[in-house]
Amino acid sequence: MDLIFIQMLNGLASASSLFLVASGLSIIFGVTRVVNFAHGSFYMLGAYIAWTLVTRFGPASPLGFWGGVILAALLVGVIGVLVEVLLLRRIYHAPELFQLLATFGVVLMVQDIALAVWGPQDLLGPRAPGFRSFLTIFGNRFPTYELFLICLGPIVLGALWLLFNRTRWGTLVRAATLDREMVGALGVNQRMLFTSVFFLGACLAGLGGALQLPREAVNLHMDLSIIAEAFVVVVVGGLGSVTGAYLAAVIIGVMHAFGILIFPKITLVLVFLIMAVVLVVRPHGLMGRKPSGPQHGPAVKEPLLSPATREVKMLGAAALAVLLVAPALLGAYGVSLLTELVILTLFAASLHFIMGPGGLASFGHAAYFGLGAYGAALAAKWLAAPMLAGMVVAPIFAGIAGVIFGWFCVRLSGVYLAMLTLAFAQIAWSVAFQWVELTGGDNGILGVWPAQWASGKVVYYYLALILCTAAVLALRAVIFAPFGYALRAGRDSPVRAEAIGLNVTRINWAAFIVAAVAAGIAGGLYAYFKGSVFPTYMAIPKSVDALLMVLLGGVQTVTGPIVGAFAFVWMQDWLVRAVAEYWRLVLGAAIVVIVLAFPQGLVGSLVAWRERRGDADAAEPVAEGAR
Amino acid sequence: MLKVEGLHAYYGRAHILADVAFEVSSGEVVVLLGRNGAGKSTTMKSIMGLVAPASGRIAFRGTEIAGKQPFEIARLGLGYVPEDRRVFTELTVEENLEVGKRPANPDAPEWTTEKLFALFPNLARMRDRPGSQMSGGEQQMLTIARTLMGNPSLVLLDEPSEGLAPVIVEQMAKTILDLKQQGLTVLLSEQNLHFARTVADRALIIEKGRIRFAGTMAELMANEGVRAQYLSL
């Protein structure tokens, strides 16, 4: 009994930090409709900046510690304002995935900046003056600092409630959440309002991070680990609801604390189960409402997909021919790069399949790629399966995940869907990371070698080329089969599609599974290509790679992801070689620049450009970039 | 007070407004008449900066406002009551009014919550009711009251009678005449000629994005040809 009570308190204490971050995320989303991926970075910066300030000001004096913490939160607020003014303000009208991607660019940049400023080693923070003692509760010693955190959550919740319900600023913010344009027409400067909301949100994240100082070492992984949990909290609590965020943070914090007692290996799976249950009962979260008012329209102006023309078919055949003869012309490194490229093309095409024709924006597609890789590797390690058997296991493994995860995901749309897919991917990642006995944890599984006959680099390249080409062509065939038409009908007008007898949810589910299977094939090939698998195969950056490839090429073309994959692999290879140490900084900056320069995506911008140029012949439908 | 010249606006490639020009003088109620899709709302939105006009000049009390942000235009003393009302559904009546509140304007009647509750007694009885739980007529009153909270000197009223019961429309007409008495200038868009007649001094007829007629209300009523051509269904 007493142990349960203590765990309950532990859970409540961690809930407070989680709530600070999630409420900031939720408030920012409510007003600006931007899912701020960089929110985890604000949290991490809060911790780092607080560490610097507190050690500088004197960690022992109360003023030094608390002054440092509060100043850190305010500084992070200022950084948030910079991000809003320099970046987000320019892309409020861009499709939501581009916004998500741009803020991820900020995440990458902040990671390298933090690495450069504070170095790679974990930093231990001081204990909080005035809260160094312990209370004895049921014979257990419980730190008073944790009790302070437990109290802080409801205090911040109350303060936020007063701010939103009892001040003019709060009323304006709530009004802007409902109808931004009307608020502007009533004489309110929305820009200032948005910037101030961003300041508040970033401050909350910074405070959450700074308050972690006495609890855990400050490290470079704080950003992504908190953001995934914050997404879960926001989805469970309901987007835009601060009270919902608190409830969800408490539920998840407490469950986490108990999970550590009962199933220490798979605590995040528990979190996932809670989320699953909540979303089945209340698809918009505990306190969330179905989004009302103007939503994002169709992201990019969508030209019709049409089967390849003669020219494109010939171009494709020519490209394939080049790929077939390429090994003869390239060295070992070139063949390796080409193999990776071919595999990633399938990965990108599988994501495109649900994103483009399906309209389901997945932010966690790496889960299926990684599960495919782990499927093959686990079969090789535990069952001593030969390569071909492993390659069959890979898509099955990924497909099963697609069946389970997809069932939940297709019930949501827009940013909810993006966050949920991300959360699932994070869960898959954490299983691979935490279940050390089975998966080897961070060390991965080594020795996943191809069969004797396929062990040559060139032979393996041809094997990958054949499998990936076949899979990509199969995906194309499905897009232009009746199933593909039904899928697009469901994307363009779910209500009308239902009215003519299509079961849109089931069709989307099937598409999700198909995409997962295709990603699994790519993952299996990748495992044998690398000879090993690691949790990073399903980590957030891998999902972002896939998104970058699809968005670079253009969501609304079938050939787009192929072009995008080539462009991406080339760019990354070049980056890693050119600016080895700080490639994240450069890649992040590149993402930000791409989004700023082409807020409609490369192909969207091309379509817009053609439209402007072709204004004279209004009757001519806009031709598509690549079919 | 308001002077529009050579206004052109497009939605994509559709030419919505073509060379629209008119003036509204201080203290007048001017009605913009026209069928659905004639360009009435687009004219209003262009003036308010909610639709970017492709070309043209819009001067409000001598200040050029074309190209300004909606909030800047509102702060100059231009009030906008949208056609679809757009009350903040999750905010109470009082909170809706709070959003519209702006400092007093020396050249316009000054409004307070209490004065508006006197003008719209219905609203006074539902101060704490959220916008989503109000009837169409009540919402229409609330949007007008919300705009008045900004102490505008000119109000753009986009089809205030649309979808309202006849008895409410009558009340609306009385309210507009009341506001005119207090020195407010109004540009109104309407399809309902009968309603327009009771409140407006002058009329403009717009069709396919062009102004086809401009004159006093009396002139319009005398000109059966124009009415038949542009207003009858």
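In which strand of chain B does V20(B) lie? In this predicted model, V20(B) belongs to strand β2, which comprises residues 14–24 of chain B. V20(B) is buried, since 26 other C-beta atoms lie within 10 Å and the criterion for burial is 20 or more. When neighbours within four places in sequence are set aside, the contacts of V20(B) are V4(B), L7(B), T43(B) and I211(B).

Within chain B, strand β3 (residues 29–33) and strand β9 (residues 202–207) pair in the parallel sense, with four bridges between them. In this region L32(B) stands opposite L204(B), a residue of β9(B).

Chain A has 25 helices and four strands. Its C-alpha trace spans about 75 × 65 × 50 Å along the principal axes. The radius of gyration of chain A is 25 Å, in agreement with the value near 25 Å for a compact globule of 627 residues. Of the 627 residues in chain A, 54% are buried. Among contacts in chain A with a separation of 6 or more, 79% are between residues 24 or more positions apart.

The domain assignment divides chain A into domain 1 (2–281) and domain 2 (318–538). The centres of domain 1 and domain 2 of chain A, taken over C-alpha atoms, are separated by 33 Å. The contact between them takes 18 residues from domain 1 of chain A and 17 residues from domain 2 of chain A. On the domain 1 side of this contact, α4 (96–118), α9 (222–237) and α11 (267–281) of chain A each supply at least two residues. The largest share of that side, six residues, is provided by α11(A). By class, the side of domain 1 of chain A that touches domain 2 of chain A consists of 16 nonpolar and two charged residues, with no polar residues.

Helix α6 of chain A (residues 168–178) was considered separately. Eight of its 11 residues are buried, so the helix is largely enclosed by the rest of the structure. The buried residues of α6(A) are T171(A), L172(A), V173(A), R174(A), A175(A), A176(A), T177(A) and L178(A). Within chain A, these buried residues pack against α1 (2–32), α5 (144–166), α7 (180–185) and α8 (190–210). Chain B also takes part in this packing, through α3 (93–100) of chain B.

Definitions and conventions:
Residues are numbered from 1 along each chain as its sequence is written. Chains are lettered from A and ligands numbered from 1 in the order in which they are written. This is a predicted model: local features need pLDDT of at least 70, side-chain atom pairs count only at pLDDT 80 or more; totals for chains, interfaces and linings use all residues. A residue is buried if 20 or more other C-beta atoms lie within 10 Å of its own, exposed if 12 or fewer, and partly exposed in between; C-beta atoms are placed from the backbone. Two residues are in contact if their C-beta atoms, placed from the backbone, lie within 7 Å. Domain bounds come from an automatic or database domain assignment. Ala, Val, Leu, Ile, Met, Phe, Trp, Tyr, Cys and Pro count as nonpolar, Asp, Glu, Lys and Arg as charged, and the others, Gly among them, as polar. The radius of gyration is taken over C-alpha atoms; the globule rule is 2.2 Å times the number of residues to the power 0.38. Two strands pair if DSSP finds at least two bridges between them.
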